[in-house]
Amino acid sequence: MPLLKSWVASANDATHPFPLNNLPYGVFAHGDEEPRCGVAIGDMILDVTAAEAEGLITLIEEPLFDLPFWNPLMEQGPAVWAALRARLTALLSEGAMEQEVVEPLLVPQSAVVMHMPFAVSEYTDFYAGRHHAFNVGSMFRDPENALPPNWLHIPIGYNGRASSVVVSGTDIRRPWGQLKSPDHDLPTFLPSRRFDIELEMGAIVGTPSNGPLSVQEADDHIFGYVLLNDWSARDIQAWEYQPLGPFQAKATATSISPWIVTKPALEPFRCDTPEREFELLDHLKDCGPMLYDIDLAITMAPAGQKATTVARTNYKEMYYSAAQQLAHHSTSGCPMNTGDLLGSGTISGPTKPERGSLLELSWGGKEPLTLDTGETRSFIEDGDTLTLTGAARGNGYTIGFGDCTGTVLPALKDPYKR
Ligand code: MN
């Protein structure tokens, strides 16, 4: 599919993240005004809340965009999702008859603040990148038995906290926690010294379910994708994780990019999961290409300094697709709700510059990175800004996500001072 031309001129650049082919959904606000639903087009946002109020968008009898999140649309299912996309495409296409009435509803992106695009119902994080699981298993256990025995048969995960999910741009406070150094017999309570990121994609459940879903059904239930940074305190994690998995190490914050990129925008970039070492059981078998070819990168910038790209990888490196993760999540009968967020797990490629966490990039702190500024890093220092970027590159156009960024603030001096 070629670039679709819009009357919004900035959307017609081959490298712009938000052409007419994309149409990602977000929530924006002018200063202290009420946040509103919008769709990105070039450098602008179409105020979808206003377009609906003015009768330019009518999908069902009730309004869908009078609340500052996209959940009411998400729960309508694929037919209404497609109707909205078709209507937005028509309104914003080159030569659209409605240009004159739509133009006053455009807002420059530079003039607004982005909010959470949807209300997160629940949040689950997986561990479904093979290179990441192999690297972490090699560091913490041994390279001969790096993957746990279940790993090649099910996408393993843990239930995270919806309350901890924040939109890009939110500052992240370095957490305190219980740490135990291998040189000491007893733990101590201190600010984390090994605070890290995880480069992930987040899949958002649109249609709710209440019982086992096939992989195809699961794919149909997914509304769209965001970039996701699972901030991780490695020293807290190392002490607490056995036997029930990560807990406080992952509860400080999870950042997501501000725009939900929908499945139709990503359709041309679908690709297969890798070769299977063991055949998956029938209920998890691939039934079509369900990963996406999306270039991903991590940049790191010390306070007030320029950013260095520290890793580049691709979403197609995953072993399990989001559809397989959602199908697995539903096997027990677990009800899945509109707004459930599924983190992919850290996405690392096979070589060193493709690793999606500082833990892997610095090999547990043994091989610190040198930034372009000359500074070295094993983990995050106070004031560092970490940014994830993503782009699917088509024939003459780009599908972007908007940055997923966060700056780490120093730990509180005394977290129990009242
Ligand atoms: Mn994670």
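## His-329 and its surroundings

Setting aside neighbours up to four places away in sequence, His-329 is in contact with Thr-124, Phe-126, Asn-159, Cys-334, Met-336 and Leu-342. This and everything below refers to a predicted model. His-329 sits in helix α9, which covers residues 322-330. Is His-329 buried or exposed? With a relative accessible area of 14%, His-329 is buried, because the cut-off for buried is under 20%.

## Helix α3

Helix α3 runs over residues 78-92 and has 15 residues. From its first C-alpha to its last the helix reaches 21 Å, close to the 21 Å expected at 1.5 Å a residue.

Which residues of α3 are buried? They are Val-80, Trp-81, Leu-84, Arg-85, Leu-88, Leu-91 and Leu-92. Viewed down the axis of α3, these buried residues fall within an arc of 140°, so they line one face of the helix. An α-helix has 3.6 residues a turn, so residues three or four places apart point the same way.

In α5 the buried residues are His-132, Ala-133, Asn-135, Val-136, Gly-137, Ser-138 and Met-139. The buried residues of α5 pack against α10, which covers 358-361.

How many residues does the largest nonpolar core have? It has 72, and those with the most contacts inside it are Met-201, Tyr-225, Trp-231, Ile-294, Tyr-315 and Ile-380. Another core lies apart from it, with 42 residues, among them Ala-51, Leu-91, Ile-204 and Phe-223. In soluble globular proteins, nonpolar side chains tend to be buried together.

Ile-380, one of the residues with the most contacts inside the largest core, shows what such a position touches. Not counting residues up to four places away in sequence, Ile-380 touches Arg-174, Phe-195, Asp-196, Ile-197, Trp-231, Met-300, Leu-358, Leu-386 and Val-408.

## Two residues at 0% accessibility

Phe-401 lies in the loop between β26 (398-400) and β27 (404-409). Its relative accessible area is 0%, and Phe-401 is buried. Neighbours within four places in sequence left aside, the contacts of Phe-401 are Phe-18, Met-201, Tyr-225, Val-226, Leu-227, Ser-257, Pro-258, Trp-259, Val-261, Leu-266, Ile-294 and Gly-390. Among these, Met-201, Tyr-225 and Ile-294 are listed with the most contacts inside the largest nonpolar core. Phe-401 and Ala-327 are 74 residues apart in sequence, and their C-alpha atoms are 25 Å apart in space.

Asp-230 belongs to strand β14, residues 222-230. Asp-230 counts as buried, at 0% relative accessibility. Leaving aside neighbours within four places in sequence, Asp-230 is in contact with Tyr-123, Asp-125, Tyr-158, Asp-196, Ile-197, Glu-198, Glu-200, Lys-250 and Thr-254. Along the chain, Asp-230 and Glu-34 are 196 residues apart, and 28 Å separates their C-alpha atoms.

## Val-113 in strand β5

Val-113 lies in strand β5, residues 113-115. With a relative accessible area of 49%, Val-113 is partly exposed. Beyond its neighbours within four places in sequence, Val-113 is in contact with Val-27, Phe-28 and Ala-29. Val-113 and Met-97 are 16 residues apart in sequence and 30 Å apart in space, C-alpha to C-alpha.

## Backbone details

Where is the cis peptide bond that involves Pro-243? It runs from Gln-242 to Pro-243, with omega near 0°. Pro-243 is placed in the loop between α7 and β16 (254-256).

Leu-23 has a phi near 55°, which is a positive value in a residue other than glycine. Leu-23 is in the segment before β1 (25-29), and it is buried, at a relative accessible area of 0%. Trp-363 also has a positive phi in a residue other than glycine, near 45°. Trp-363 lies in the loop between α10 and β23 (369-370) and counts as partly exposed, at 22% relative accessibility.

Notes: Residues are numbered from 1 along each chain as its sequence is written. This is a predicted model: local features need pLDDT of at least 70, side-chain atom pairs count only at pLDDT 80 or more; totals for chains, interfaces and linings use all residues. Side-chain values use heavy atoms; hydrogens and water are left out. Helices (H or I, at least four residues) and strands (E, at least two) are DSSP runs, numbered from the N terminus. The expected span of a helix is 1.5 Å times one less than its number of residues. Buried means under 20% relative accessible area, exposed over 50%, partly exposed in between (1.4 Å probe, protein chains only). The arc is that of the directions from the helix axis to the C-beta atoms. A nonpolar core is a set of buried Ala, Val, Leu, Ile, Met, Phe, Trp, Tyr and Cys residues joined through side-chain atoms within 4.5 Å. Contact means heavy atoms within 4.5 Å.
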